[in-house]
Amino acid sequence: MRKLFPVVFLVLATLVAPSSAQSSTPVGAAKVPAPTQGDAAASEAVQVVDTFMLELGKGQLERARQLMAPEAIVLADGRVLGNRDTYIDGAAKADVAALGSVQRELVRRDAHAGPNFSWVMSELRLRGPSAARGQGDVVVETMLLARRGNGWKIVHIHWSSRRAG
């Protein structure tokens, strides 16, 4: 399977079947998992992350951009991909191209929200069409969100990946 950088980091922490389902889900048929902490603010933050990934997976880059704060910083596998506009106008295009052929399984998700900041951490297993069962990549995604007006905006994304094994 080809390396999915910069995709592996973002690709997907969000559009996947709950870990109890233990199934891989293509982009279009993904189910949205619930946060591990049940408060309403954490659920709202998770929904923003899930919507961001859904829009990215559909190639709706302008909609994805609107879910990010202008000063948001995106990191992946030890590299700074830039702020919101640099990412959306650049590396996000490769992510969109790769999302269509990747299956994702949510292994773990944690979320927490305070009055003004929240975080959502997801661990996923990614498999391309040629990956044998049990192979692929593991991606860990952390998104930090800040309350802006009546809702949450993504202010930081960090993806890291490794070969599953």
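1. Salt bridges. The count comes to 12 salt bridges, taking a salt bridge as a side-chain nitrogen of Lys or Arg within 4 Å of a carboxyl oxygen of Asp or Glu. The model is predicted: local features need pLDDT of at least 70, side-chain atom pairs count only at pLDDT 80 or more, and totals for chains, interfaces and linings use all residues. Residues are numbered from 1 along each chain as its sequence is written, and side-chain values use heavy atoms, with hydrogens and water left out.

2. Overall layout. The protein has five helices and six strands. These are DSSP runs numbered from the N terminus, with helices being H or I of at least four residues and strands being E of at least two. Along the sequence the pattern reads α-α-α-β-β-α-α-β-β-β-β. Buried residues make up 48% of the 165 residues. Here buried means under 20% relative accessible area, exposed over 50%, and partly exposed in between, with a 1.4 Å probe and protein chains only. Of the contacts with a separation of 6 or more, 63% are between residues 24 or more positions apart. A contact means heavy atoms within 4.5 Å.

3. R65 and D89. The side chains of R65 and D89 form a salt bridge at 2.7 Å, N to O. R65 lies in helix α3 (residues 61–66) and D89 in helix α4 (residues 84–89), so the pair ties together parts that are 24 residues apart in sequence.

4. E105 and R127. A salt bridge also joins the side chains of E105 and R127 (3.7 Å, N to O). This pair links distant parts of the chain, with E105 in strand β3 and R127 in strand β4, 22 residues apart. Both E105 and R127 are buried. Elsewhere, salt bridges that share partners join E62, R65, R84, D85 and D89 into one network.

5. K58 and E55. Here the side chains meet in a salt bridge at 3.8 Å, N to O. K58 is partly exposed, with 45% relative accessibility. E55 is buried, with a relative accessible area of 10%.

6. The β3–β4 pair. Strand β3 (residues 103–113) and strand β4 (residues 117–127) run antiparallel and are joined by 10 bridges. Strands pair if DSSP finds at least two bridges between them. A hairpin connects β3 to β4 through three residues. L106 has L124 in β4 as its bridge partner.

7. The nonpolar core. The largest nonpolar core has 36 residues, and F52, Y87, M143 and L145 have the most contacts inside it. Such a core is a set of buried Ala, Val, Leu, Ile, Met, Phe, Trp, Tyr and Cys residues joined through side-chain atoms within 4.5 Å. Helix α2 (residues 40–57) gives the most to this core, with nine residues. In soluble globular proteins, nonpolar side chains tend to be buried together.

8. Helix α5. In α5 (residues 91–99), the buried residues are A91, A92, D95, A98 and L99. They cover an arc of only 120° around the axis, which puts them on the same side of α5. The arc is that of the directions from the helix axis to the C-beta atoms.

9. N83. This residue lies in strand β2. N83 is partly exposed, with a relative accessible area of 32%. A polar atom of the N83 side chain lies 3.2 Å from the backbone nitrogen of D85. For the backbone nitrogen of T86, the distance to a polar atom of the N83 side chain is 2.9 Å. A polar contact is a pair of N or O atoms within 3.5 Å; within protein, one must be able to donate a hydrogen and the other to accept it, and residues adjacent in sequence count only if both atoms are side-chain atoms. Leaving out residues up to four places away in sequence, N83 touches P70, A72 and I73. N83 and A72 are 11 residues apart in sequence, yet 5.2 Å apart in space, C-alpha to C-alpha.

10. H156. Strand β6 (residues 151–163) holds H156. The H156 side chain reaches the backbone oxygen of I73 at 3.5 Å. Not counting residues up to four places away in sequence, H156 touches A72, I73, L75, T142, M143 and L144.

11. D77. Check the backbone here. D77 has a positive phi of about 45° although it is not a glycine. D77 sits in the loop between β1 (68–76) and β2 (79–83). With a relative accessible area of 25%, D77 is partly exposed.
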